[in-house]
Amino acid sequence: MSDKQNPITTTDAGIPAASDEYSLSVGPNGPLLLQDHYLIQKMAQFNRERVPERVVHAKGSGAFGYFEVTEDVTQWTRAAFLNKIGKRTPVLVRFSTVAGELGSADTARDPRGFAIKFYTEEGNYDLVGNNTPIFFVRDPSKFQDFIHSQKRMPDTDMRSNNAMWDFWSLSPESIHQVSFLMSDRGTPRTYRHMNGYGSHTFMWVNAQGEKFWVKYHFKTEQGIENFTDAEAKAMSAEDTDYHRRDLRTAIEKKDYPVWRLEMQIMPFAEAATYRFNPFDLTKVWPHGDYPPVTIGRLVLDRNPENFFAEIEQAAFEPANMVPGIGPSPDKMLLGRLFSYPDTHRHRIGPNYLQLPVNQPHVEVHSYNKDGAMRYRHNGKQPVYAPNSYGGPQADPERYADVGWSASGEILRSAYTLHAEDNDFVQAGNFYRHALSVTDRDHLVSNIVGHMGQGVDRFVQERAIKNWYQVDKELGTRIAEGLGLTPALSTTGQDGQNI
Ligand code: HEM
């Protein structure tokens, strides 16, 4: 026991409380009195302890640290936080699973979120990525349907492998990401042993106004380590917080996890004629085409002090981009720019950016005002612009928006295909060239195990036709595993035989 005197309990208004144990009653055996304000406050606050969980990525963990620049990148971007070798920027990183709820097992098969908030001198920069360089769909209007196919069904309130494979097999653009998900990379051993990717293509702009298309790859210095399907399932039963515990313990032991930031950089003009659509989120840029350049390191060295305040209420938004960094024509990214601040206003409240974990480390001088729970303000600063009384003024020359030129008819359409675009070629390369023999065996058995549980025969057959187009051997092995005659049709999505 320490000699230090405990503070006196107070109400939330700071008034000393009379008891930690007993409510105020008429005689020892009740009844209770309405004037017991502290009891009523305790009950009322308790009833309001939860905010809604994130609609996706509900289960996650996070830590603080820093990003350090290790290479001169001023030829590509004028972002201030990247402008000097050795410069460090404080960060918050939150890792997550996608489909499970707040209390779900964090070792389940799923992509992992890898969201980074850089507290830069020019405001917050949020890079809200995954542990995969690609995604399941390439148009934001399919995202909600995709997520619905992964979450609980309306009748049973259980997840359905049938719904997943129904959606995936009807959405062949998903097969590259499904290959990744069904490989052992779908069950990382820990958050520390996986890579993080910005996934989308972004724009970098240098001080001269030259533009580049870039992709971010955070490569784990701990090495990639995965669970097998059986190990992940056993761990999900044994410890639903395994990844959370691992991250917290590693940082507590000062075994700080580190990632190397490698960038792929494409000159602006090359996008038009690149063999793949460089803005299609279901595709990678093969490293041979654009070799990654190491530019920095990300280190996590501090655990949150209060999980709810600092992690549950953390709000990441891809729209938070600082000068020198901009969006690309990736339709998914453009959709996400709207979605996140919208969900934060609903989940946390309109002034979520004033919470300590979300507030930038620079002063805020906007003309937005009021709303529930606002406590930061600019006194009597003018509340409209333009004004004659010294209110903040934007600098359109210094901070001009960056973009690209666009024109065309207004319509709903798929992207225009580039020379080598199709949905299967990169998944085939992933299977044949990125995976080891053991990885390939596991991919087959993981798919067979997953598709073998409650998936309708016709859905299995349709999915196998897609696997065939990824790789004939892979398709045959999955078909055999499911006791199906290998599909005869090898007709590609464009009607071409492959
Ligand atoms: C149109 C496509 C997408 C939409 C509409 C969308 C929407 C959302 C929403 C509403 C949330 C919950 C945010 C919150 O409550 O804090 C979320 C979380 C998240 N999303 Fe997306 N998402 C999309 C695609 C993606 C993609 C492509 C990635 C990765 C490359 C991604 C990564 C994440 C991550 C990491 C989180 C969790 C952030 C955190 O840790 O708080 N999402 N998404």
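Two residues are in contact when heavy atoms of one lie within 4.5 Å of heavy atoms of the other. The structure is a predicted model, in which local features need pLDDT of at least 70 and side-chain atom pairs count only at pLDDT 80 or more, while totals for chains, interfaces and linings use all residues. Residues are numbered from 1 along each chain as its sequence is written, and side-chain values use heavy atoms, with hydrogens and water left out.

R244 is a residue to begin with. R244 sits in helix α6, residues 242-252. Helices (H or I, at least four residues) and strands (E, at least two) are DSSP runs, numbered from the N terminus. Leaving aside neighbours within four places in sequence, R244 is in contact with K59, G60, S61, D106, Y191 and F307. One of these, S61, is 183 residues away from R244 along the chain, yet their C-alpha atoms are separated by 5.7 Å. R244 counts as partly exposed because its relative accessibility is 25%. The term buried means under 20% relative accessible area, exposed means over 50%, and partly exposed is in between (1.4 Å probe, protein chains only).

K219 belongs to strand β7, residues 211-220. With a relative accessible area of 15%, K219 is buried. Setting aside neighbours within four places in sequence, K219 is in contact with N195, Y197, V258, W259, R260, E262 and H287. The C-alpha atoms of K219 and M194 are separated by 7.5 Å, and the two residues are 25 apart along the chain.

Is T187 buried or exposed? T187 has 1% relative accessibility, so T187 counts as buried. Not counting residues up to four places away in sequence, T187 touches T107, A108, R109, N226, F227, T228 and A232.

The next topic is the packing of helices. Helix α2 (residues 143-150) packs with helix α3 (residues 161-170) at an angle of about 150°, and their axes are 7 Å apart. Axes are lines fitted to C-alpha atoms, for helices over the stretch in contact, and angles run from 0 to 180 degrees between N-to-C directions. α2 and α3 are therefore roughly antiparallel to each other. Angles over 145 degrees count as roughly antiparallel, under 35 as roughly parallel, 65 to 115 as roughly perpendicular, and the rest as oblique. On the α2 side the contact is made by D145, F146, S149 and Q150, and on the α3 side by A163, M164, F167 and W168. By class, the residues of this contact divide into five nonpolar, two polar and one charged. Here Ala, Val, Leu, Ile, Met, Phe, Trp, Tyr, Cys and Pro count as nonpolar, Asp, Glu, Lys and Arg as charged, and the others, Gly among them, as polar.

A second pair is formed by helix α11 (residues 457-470) and helix α12 (residues 472-481), whose axes come within 5 Å and cross at roughly 150°. That angle makes α11 roughly antiparallel to α12. In this pair I464, W467, Y468 and V470 of α11 meet K472, L474, G475, T476, I478 and A479 of α12. The contact of α11 with α12 has seven nonpolar, two polar and one charged residues.

Which protein residue is the single donor to the iron atom of the ligand? The donor is Y340, through its OH atom, 1.8 Å away. Donors are N, O and S atoms within 2.8 Å of the metal (3.2 Å for Na, K and Ca), and since water is not among the atoms, sites may look incomplete. Y340 is placed in helix α8, residues 331-347.

Some details of the backbone remain. A cis peptide bond joins G30 and P31, with omega about -10°, and P31 is in the segment before α1 (37-47). Another cis peptide bond joins A385 and P386, with omega about 5°, and P386 is in the loop between α8 and α9 (425-434).

Two residues other than glycine have a positive phi: D157, near 55°, and S199, near 65°. D157 is in the loop between α2 and α3 and, at 47% relative accessibility, counts as partly exposed. S199 is in the loop between β5 and β6 (202-205) and, at 10% relative accessibility, counts as buried.
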